[in-house]
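Keep the viewer open as you read.

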Amino acid sequence: MSRKPVILATAAIVIAVTAFAGTQSKEDPLDAVRAAPDTHKVAFENAFVRVLDVHVPPGSIEKRHRHPHGLSVYITDWSVKVTADGRAPEVHQRKSGTFAWNEAITHTVENVGKTEGHVLRIELKH
């Protein structure tokens, strides 16, 4: 077999996987933007990342949703109760100007503090 068909087949697979990865979350009913549209807005998106602008008012509870691997950038100080699938709830104090790497997760989020939670969530697509 010559190299040209192998290269073309590989390129076709990469294009198909990239296209699937870019549309997969839009069809997922637990995608954060779809499941919690009142708190999650898309601020930026390309073939590699999606950046969510997340605002969680005090006392609010987000519906169960999921995120792929990514980075959270905390814009405000706030207290959050996170209940990940299969785990006990955990309360975290988020500090303005800090960052956290997050593995893929399906969870609910409750703002248990007195200030709005504002987060930029940078989700990896690959």
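Strand S5 gives the largest share of the lining of the largest pocket, 4 residues. This is a predicted model, so local features need pLDDT of at least 70 and side-chain atom pairs count only at pLDDT 80 or more, while totals for chains, interfaces and linings use all residues. Residues are numbered from 1 along each chain as its sequence is written, and side-chain values use heavy atoms, leaving out hydrogens and water. Strands here are DSSP runs of E with at least two residues, helices are runs of H or I with at least four, and both are numbered from the N terminus.

Back to the pocket. Its volume is about 500 Å³, taken as the space filled by probe spheres set on grid points that are joined across faces, edges and corners. A pocket is an open set of points on a 1 Å grid over the protein atoms alone, where a 1.4 Å probe fits, with protein on both sides within 12 Å along at least five of seven lines; lining residues have an atom within 4 Å of a point. The largest pocket has 26 lining residues, and Val-82, Arg-94, Asn-102, Ile-105 and His-107 lie nearest its centre. Among the elements giving two or more residues to that lining are S2, strand S7 (99-102) and strand S9 (117-124).

Now for the strands. An open, antiparallel sheet of 4 strands runs in the order S3-S8-S5-S6, with strand S3 (65-67) and strand S6 (90-94) at the edges, each pairing on one side only. Pairing takes at least two DSSP bridges between two strands. S5 (residues 78-84) and S8 (residues 105-111) pair over 5 bridges, and Thr-83 has Thr-108 in S8 as its bridge partner.

Where does Val-49 lie? Look in strand S2 (residues 49-56). Val-49 is buried, at 18% relative accessible area (buried means under 20%, exposed over 50%, partly exposed in between, with a 1.4 Å probe and protein chains only). Beyond four places in sequence, Val-49 touches Phe-44, Ile-122, Glu-123, Leu-124 and Lys-125, contact meaning heavy atoms within 4.5 Å.

Finally, find Asp-28 in the loop between helix H1 (3-27) and helix H2 (32-35). Asp-28 is buried too, also with a relative accessible area of 18%. The Asp-28 side chain makes a polar contact with the side chain of Arg-66 at 2.6 Å; such a contact is a pair of N or O atoms within 3.5 Å, one able to donate a hydrogen and the other to accept it within protein, and residues adjacent in sequence count only if both atoms are side-chain atoms.
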